[in-house]
Every structure is written in C-alpha cells, then in structure tokens.
Amino acid sequence: MSYMEDLKQTFLEELKSVKNLADLSSLRVKYLGKKGIITSELKSLSKVPPEERPSHGKKVNEIKQFIETELDLQESRLKQEELKRQLLSESLDITLNGKFISFGSPHPINKVLSEVTDIFVKMGFSVEEGPEVELDYYNFEALNIPKDHPARDMQDTFYISDDIVLRTHTSPVQVRVMEKRKPPVRFIAPGKVYRCDADITHTPMFHQVEGLMVDRGITFSNLKGVLKAFLHQMFGADTPVRFRPSFFPFTEPSAEVDIGCILCNGAGCRVCKGSGWLEILGAGMVNPRVFEYVGYDPEEYSGFAFGMGIERIAMLKYSIDDIRLFYENDIRFLKQF
Amino acid sequence: MRVPFEWLKEFIDIKESPHEVAHRLTMIGLEVETVEQVDSDVVFEVNVTPNRPDCLSIIGIARELSAAYKTPLVFPEHDVLAETGELDFNVDIVNVDLCHRYAGRVVRNLKIGPSPEWLKKRLEKCSIRSINNIVDVTNYVLLELGHPLHAFDLKTIKGRRIIVGTSNRVKGQGARIKLKTLDGIEREMPEDSLLIWDAERPIAIAGVMGGMETEVADSTMDIFIESAYFEPVSVRRTSKALGLKTESSYRFERGTDIKMLKKALDRAAYLMREVAGGTICGKIDIYPKRYKPDEINVRYNKVNETLGLKLTKEEIIDCLDGLGFEMKKLANSLKIKPPAYRREIKKEIDVIEEVARIYGYDRIPAQLPKATIMSQESRVKSQESKIKDNIKQSLLKSSFTEVINYSFTGLQDIDLLGIGEDDERRNLVQIKNPLKIEESFMRTTLMPAFIKDLIHNVSHGNRELRLFEIARVFISQKSEVSLAHRSSLIAHRKKDHELSAMSHELSSASILPIECEHLAALYYKEKSKALYRDDTPDFYIVKGVIEAILNDLKIYDYSFVRSSEPFLHPGQSADIFIMDSKIGYVGVLSPAIVDSLDIKAHKPSVIVMEIDIDSIIPYAMQVVKYRPLPRYPYIERDTAIIVDSLLEAAMLMKWLKSYSSDLIEDIYVFDVYQGENIPEGKKSIAFNVRYRASDRTLKDDEIDAMHKSLVDYILDKTKGQLRA
C-alpha cells in the first residue's frame, strides 16, 4: 500500500520541479504514456491475486485520476503564465498621447445665442428670421421712427440706398411677422445687425435677439413676468432684476431691464460703472402706432417686445473685455468655448 | 447731460442724499450714469432719452423730482426787471410754420469781460468752457432753463431789422446763399433752411449757429438777445445737411418749451446786467402760432389693462399730479392737456406711460401670461433650423471650430479669387457709407474671410486649423433683372420674408438682394513631425466630412465633378452636385493664391469648401422609412482589375452599378494602386461586391457564375484586364 503513497509523493515532487509546458508534457508521458508508470500498473493488474484485484484496481485508478487532475491544473497554470508573458511583451507606452482627435468648438456668440433661444423656445416662443439688408420702411418707418426724427440718431446706419439699409436692429422682424400673421404671435428673432461704429466696445456687425408676444390681454406685468423668468434661467434664480423707464419709439411704456452686476454682486465695480447694475435688455409694450402699421386693432390686442445684444451678454458671461476678439477668429480664443 | 446737485437744490427742496436722488431719477426714466464728486458738490451724468427734451435742463430735472417727491418747485427771485427805453426794432417772421414765436431784448452799455468765479465754476461743472460774461450767460440760461439763446452785437445788425425766413423765400428759389458761421467756416446754406436776416443779409442759421460778422466781441457794448421757437424738423434737416451739431440745434430738434422762451430771455437779460453791468431795454415778442395741445382721453380701465394693475381713479390722478398736465376728471376717464414742454405726449398710451413711470415699474408685479396654444405655422421653419443645427453639430463633432466673420467684403477679395465678370458673385450690394473701403460691399461668398482667418492664425503660430462658418451671402438683384425672373428666384428660394417684402419693394421700386445661407470650411495642417502616421490626402478628409453631412441628412443623390473654380487647384478640386444642381465646391486652395498671401509656412496645403445650405434643405426634408434587416447570409467577392490610370473611381462605380442584378447589395472600392508590377499609364483598382438574396441562402457556385459575368462586363466597359 505504501508503494502507492510513495508513487504519489514521488509524482508530486517531480511536478513541483516542472518549469514549463515541455517538462509537463514529459512528466505526463512518464506517468500516463503508453509505457508510463500508471499505465504499466494498470496493465499488471492481471498479476494481482483475484480477490485483491478490485480494491487494488480502484486504488490505481484513484491515483491515475489524481495525477491527471494535477497535470491538467498545472498545464492551465503554465499556459496562463505563458500568455501573461506574451501580453507583457506586447505592452504599449500608455503615457504617450492618444491619436489627436478633438471636437470643434461653437463660436461663443452662437453658444450664448442658442442658450437664449432654448430658454424662449421652452416658453413656447417660435424662432423667426428676417433679411439683414432691409427696407428703411421696416427698419424705421413702421417702427414709428420717421425720417427727420432724433431717434434715428440712436443708431448709426449703413445705407445701401435711400430706401435700403443694413438693419440696425432685429426689430423689423416684428413688423414682417405681424404683417403676415394674425394674433396670437409669440416668437423670437435672433440675427446679425449692423451699425457704422467701431471701437473697443463696438463692432460694425453684432448680434441681437428680438422677441414679441401679442395676444388678448397681455400686460406690462406679463412683460415683467416673462423677462424675469428668462433672466433667472440665464443668470441664476438669485439674480436681482430691475425694470426702469426708458424710450424706444416702437414700444410704450418702454423699459430698460438691468440685472445685479454678476461680477461684483451689486457692490459696484468697473464693469457696472459702480452702479451695481448691468443693462441687459430693452423692452416695452408694443406701441399702438406699430399695430396700426400692421393692421392689428390696438383695442383688441396688446403685446410686448424686447431685444438684447448677445455680444454684451457673452462678454459678461466669459469676462471678455474686448469685443473685437469675437471677430478675429483666433483659434486659441475660439477653442476656449 | 451734467447736473450739479447744488444747482438742482435752488429749484427744489431736497432732503435726500445725492445717491438716493440719483436712484430715484434712474427709476423714473432719467438714468444717472455716474455720480461724481466735484469739490464740495456732486455732479450727475444723466442720460436723457430723445423723447425728453424737457429734461435737458436743471429746471427740467427739478420738475421731474418735484413730481416724484410731491414737493413744489421753487423759482429763485431773479426775474424782476427794470426796463428802460423803447425798442425801435422791427421783427418779421416770414415762415410762421418754421418759427412759431420770436422774442428779443436789447441790453446796452455792457462791459464785456471775464465771468465771475461762480458762473465759471457752474459752467465748468457742466463741461462748458467759459468764454466771456455775455456768452457765458447765454450758456448758463441754456443749462438752467433748457432754452437756447443767441446774442448779436447790436451795432452789426443792419437796418434795425430782423427777418426770419428760409433761404428760398427771401432770395428766391435756387439762389446760393453763404454765411460765415461763428466757428469761422464759410458755409453754403442748404435749400429750405431757416435763416435769421437783417435788412441786408443772413446773420444766423436759425437754431443752429450764429454768423461771425454779428458775433459778440470784446468791443461790443450793446447786444440783441434772441429767444425763439424753431420747428424741430426744420432745424434737424438744416443741421444734418450742414453736418453741424450744436447744443442749440440738439435742443431745438428735440423740441423746446415755447412758454419758457420769455422767461429765458428775461433771465439772461437780468444776469447780464448782474455780471456785465448793462441796462435792460424793452423787448419784442411775436407769437403767431400758439401752443394748442389736443385733449387726450385717458380711460382708467385702459391704464390698468395695459399695466396689469388695479389702480383706483384717485391713484391714477395722484401719479399724474405734478407733471403739469391740465386735467378734467370724468367718471370713467380723464381729459388731459399736456404742458408746452411735453409736446411728445399726444395719445392715451403716452399718458399711461407717465402713470407707470411715476407709480414705479418696480411696484408692478411680475406675472407670467396666460398663453394661447400656438398654431403650427412655424413648423416648417423650425424644421429648417433643425437641419441647419444638425449640419453645425456634424461639423463640431468632425473637429471643425466655428468662426463668425463680418458680412463685409471688398472688390480686392473678389479679384483675389479671380472670380469672372459674369459670375453671380460679382452682383455685389454696395454700402454707401462704409467704415473702410475694403469693407464696402456685402459678401457673396464666405471664402475671402476664411483666407483672412487663415493669415491671422498662421501668423500667430496656430498650426492646425479646422474652421467653419454658417452665414448669409447677399446677391444683388440688379434692376435689369426682370420682375418675372425675380419672382421665380424668390419662389425658388422659398424665403417667405422676401415674398412679404414684395409689396413694399414693388411700390418703392427698391429691390432687396437675395440672401441665402452658406456653409464654408477651411482645413489646414502644417506638415510637421507626427507621432502617428496618417497618409490620407487632406482633400479626402474634407470630402469625407461633406459626404458624412449629406448622408446624415439622408441625401444620397450627390456627386463630385471636377471643378473649374478659378481659386482652386484644378487637379484637386470638385464641384458638388445634388441631382443636376450645383450646391458648392471643395478643393485645395490654388497654390498661386497661397503664394500671394504672406504665409510663412512651407508649401501649406489648404482645403476649402463652400455649400449653399438653403439649396440642399428641400432634399433633406424627406421622411425616413425603416427597411427590414436581411434574414439570409451574404457572400462576398474581391476583384482587382488593371485599367487606364485616368479612369476615375466614380466612372467605374457607375458601370458597376449599371450591371443589373437584384442580388448585388453593395459595392465599394478598397484599393487603388500604381507602381511596381503595374504597366506605365495603368492602375489597379480593387473592389468588393457583396451578394445577398432576400428570400434564400445563396450558393457559392451560383455567385461564382454571377461574379464572373459581372467582371467580364466591367472588363469590357473599362477595356481593362484582371490583375493576376
């Protein structure tokens, strides 16, 4: 009996010294091959006395099983080690930079523009467009800014001819939409506008978003409600908002809308000129005279309009101090957005 | 408008601090932009909107504060006059419509000299330079009461006569009238401009500037002070035509207070006697056109409906009290007549604004409207903008960065691109008053701006550029273009704003240009050592992006055809077509153009493209329909053939696709090779064909036969041979 135990011990000793798959393979042959130790034991089973045969055979088979299992186990261990070695030899320097692909960046002006647009679209405003080369009629006349009116001085106009201008604001879209659509109307009109002015705070082309809402029973209180909701979404729910009287020929009453300075939190700084407030929007109730131009009955309908400059909002939002950066298109600037 | 706080206090008893007053002014519509400490005083910089000429004076600001604080105005005791002598002076107003009132006074025996300190100081605080005591007094009264005055040297007025009339009336139509103004410039008077004349000649431009010959000089002893009401539009036209803006014209063109005019005259005379020791003589006052305001009916309920308030009748009246209105109180409305200094108040809404202003915008609650559900009218529009947004997102994801360039261009840009005389891109819209000559047109192509962006970036060491822009171009509709042609163009563009403008355009005979939206992009990479190799020619990278964008829009009927754009490399450029219409181009920027630019990089290769987005939108609006996935397996075959090296892949594909079989699912070219083992003038093209049937599993021998037949067909078409 101890012969079998010895055999097992010898096998385990030999298995321990196996270093690779080749060693393992010869060990397998030595024990389990055609002339292997275990195979021979099984063959010589006939020499064992018949009464001992079943128990002896069982023992030999047990040890055969044991050896097979151990060999298989060792083989899979060795294979794993081998694979590991191979993969390690294939290793990359993972600290090298990835193959350069990068997404592009939207222009900061358009980034702010779509932010503004999204907020109003969620409030049920549609998006409209109008021509950038515009008739004097739409840009001024129908907005209650007649020729020879000092209000024309508020904007330096590029002229194409006596009747055609580069639009100085997005407000003409108001008239164009109302002309072809019956109330209720509720839309915004983003776009490029032009004024002949160029310095550190002015570029001859810039962007505005115009808005208009006309329906029965629209009040100044609604104007405040909608614009406050917009400004709180745009600048944060805690941002103070104030409305103060102003003048636009196409709205009455007119308002200038300020937010608490987002740079100094209202304490007063260079950007807000010490006032603690930043002018963000112009707004007002649509002047009945404009309704008359488009054929709306001012006794039946009322509405409000508003407009804002996108460059100004972008400059505040990103602390940009020179408006001209927007139009130099330096990739080092653009890539920051 | 600069307003010293101490001066303000002469008219109103203010207990509040300057900062509180500044805030109050801002909140009633007179925005105080800055509050500046000057010596022991405080000066406000007030932004007065064009509708409030009445606030272009100390008294005007004081009047507003009086209404806001419900505190009475105080007029200092200074109007008492000791008049002596008669005024043997003759004033005629020829154009009563342009001059509603004309008053004047003579002051004699004045001693012209420097002003006293208090006067100089006040003017200084308002940023007005002291000249002499007489001129200073007229300026002082201008600031204080808002009424412009003019002082003439009495002895220079010929014939003791003043005539107020236009350049035409007095001298006859078309005469050239010249006047040397106070600033020493001889100016030709515009037609219809209102002038002040003596018996012989013009001596001042009414409301704009006086003449030099009648100017008050050091030797002057007796003066004539003019205080008049000139009609705003007339003054504005004259001032604009002359390009001459003065403190005086600024106020007249906005509207002055016809009733304050006399007070201003007396105040000036009084002050001149104070500071220059003169004797005030009698006055003349011709007032042919009186201020007669229309009565305005203001309904209480309309006030509340407009503002969203529930004010009582009394509250409304309380707001308007103190604004100088004449009010008749009826049960449901007010009948209002505004004072002479508020001529812009004409309609009910103007009065409602006054109520809101004095009540305080901050006291009106903010309330979201009860909105009506909107109809679907803007659906097509939003579909369009969604497509444009998709295109933009595709470009951003393809690593292109967005730029915005000015819409301006110049002839030099069009010339640089070598654009031909008959090209539509020469139909430029010209700006009459450009800021720069190189920016005096609206652009018809986005490309020149990209060349500028390229130069700017490369000169700042930016070595990799992938830029794009989506913006409008402007094609002028020259008058030669027939109306029919125009309508068809407009209809083609399907731009409804152009359609709606038609009525106004036709009536005014002014034609707006066609505006359409373009996409342009530029790709530039400096040839530098790179960590990972990629030999794809840049042209194919940009072409690939265009294909991806079109495919994303479910547009497949596009083709690339060799381009003849003069600014592109003739061998490496293509025009892009959808069906039969050209929608744009892509290609390597012509090396000749690149050489002419001052770019310090070695042989830079620049790929550009431009597409008319508006023209592809109709193709993109198709609805996607699902196709079931195939249920049976496919069989693939690869084949390489040797063909003439000039044969383009598109031609080969066209032939391959012309082989009719329901079993061909897909064909693509996967290799093009020229060189070793391939004869001179030939190239090898390898393509893959995938076969599949929709109703059964294909058998190899069936496909072997079919593929052989396809290959025979294509070898026949291409006159090629199988590559061994």
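**Entry 1**

I began at A:Pro253, which I found in strand E7 (residues 251-260) of chain A; helices (H or I, at least four residues) and strands (E, at least two) are taken as DSSP runs and numbered from the N terminus. This is a predicted model, in which local features need pLDDT of at least 70 and side-chain atom pairs count only at pLDDT 80 or more, while totals for chains, interfaces and linings use all residues. Residues are numbered from 1 along each chain as its sequence is written, and chains are lettered from A and ligands numbered from 1 in the order in which they are written.

The bond that joins A:Glu252 to A:Pro253 is cis, with omega about -5°. I noted another cis peptide bond from A:Pro183 to A:Pro184, where omega is near 5°; A:Pro184 lies in the loop that runs between helix H7 (172-180) and strand E4 (185-194) of chain A.

Most residues other than glycine have a negative phi, and most peptide bonds are trans. I therefore looked up A:Asn265, which is partly exposed, with 13 other C-beta atoms within 10 Å. My cut-offs here are 20 or more other C-beta atoms within 10 Å of a residue's own for buried, 12 or fewer for exposed, and partly exposed in between, with C-beta atoms placed from the backbone. The phi of A:Asn265 is positive, near 55°, and its place is the loop between E7 and strand E8 (277-286) of chain A.

B:Lys719 sits in the loop between helix H22 (700-718) and strand E31 (721-722) of chain B, and it is exposed, with 9 other C-beta atoms within 10 Å.

**Entry 1: chain A as a whole, and its interface**

I recorded twelve helices and nine strands in chain A. Its radius of gyration, taken over C-alpha atoms, is 43 Å, whereas a compact globule of 337 residues would have one near 20 Å by the rule of 2.2 Å times the number of residues to the power 0.38. Along the principal axes, the C-alpha atoms of chain A fill a box of roughly 130 × 45 × 45 Å. Of its 337 residues, 39% count as buried.

For contacts I used C-beta atoms, placed from the backbone, that lie within 7 Å; among those in chain A between residues at least 6 apart in sequence, 65% join residues at least 24 apart. Across the interface, 80 residues of chain B are in contact with 80 residues of chain A. The chain B side of it has 34 nonpolar, 27 polar and 19 charged residues, where Ala, Val, Leu, Ile, Met, Phe, Trp, Tyr, Cys and Pro count as nonpolar, Asp, Glu, Lys and Arg as charged, and the others, Gly among them, as polar.

**Entry 2: a seven-stranded sheet in chain B**

I traced an open sheet of seven strands in chain B, in the order E18-E22-E23-E27-E26-E25-E24 and with mixed pairing; two strands pair if DSSP finds at least two bridges between them. Strand E18 (401-402) and strand E24 (558-562) stand at the edges with a single partner strand each, so one side of each is left without a neighbour in the sheet. Helix H15 (residues 447-459) of chain B packs on this sheet, touching strand E22 (464-475), strand E23 (514-525) and strand E27 (606-612), and its direction makes about 30° with that of E23(B); axes are lines fitted to C-alpha atoms, for helices over the stretch in contact, and angles run from 0 to 180 degrees between N-to-C directions.

I then followed strand E26 (residues 581-589) of chain B, which pairs with strand E25 (residues 568-578) in the antiparallel sense over seven bridges. B:Leu568 stands opposite B:Leu589, and B:Asp575 has B:Tyr585 as its bridge partner in E26(B). E25(B) and E26(B) form a hairpin with two residues between them, and B:Met579 in the turn has a positive phi of about 50°. E26(B) also pairs with E27(B), in the antiparallel sense over five bridges, and here B:Tyr585 stands opposite B:Glu610. Seven of the nine residues of E26(B) are buried, so this strand is largely enclosed by the rest of the structure.

**Entry 3: helix H3 of chain B**

Last, I looked at H3(B), which is mostly covered, with ten of its twelve residues buried, including B:Ile58, B:Arg63 and B:Glu64. The buried residues of H3(B) pack against strand E1 (2-4), helix H1 (5-9), helix H2 (18-27), strand E3 (41-47), helix H5 (133-145) and helix H12 (348-359) of chain B. B:Lys70 follows H3(B), and its phi is positive, near 55°.

Methods: Two residues are in contact if their C-beta atoms, placed from the backbone, lie within 7 Å.
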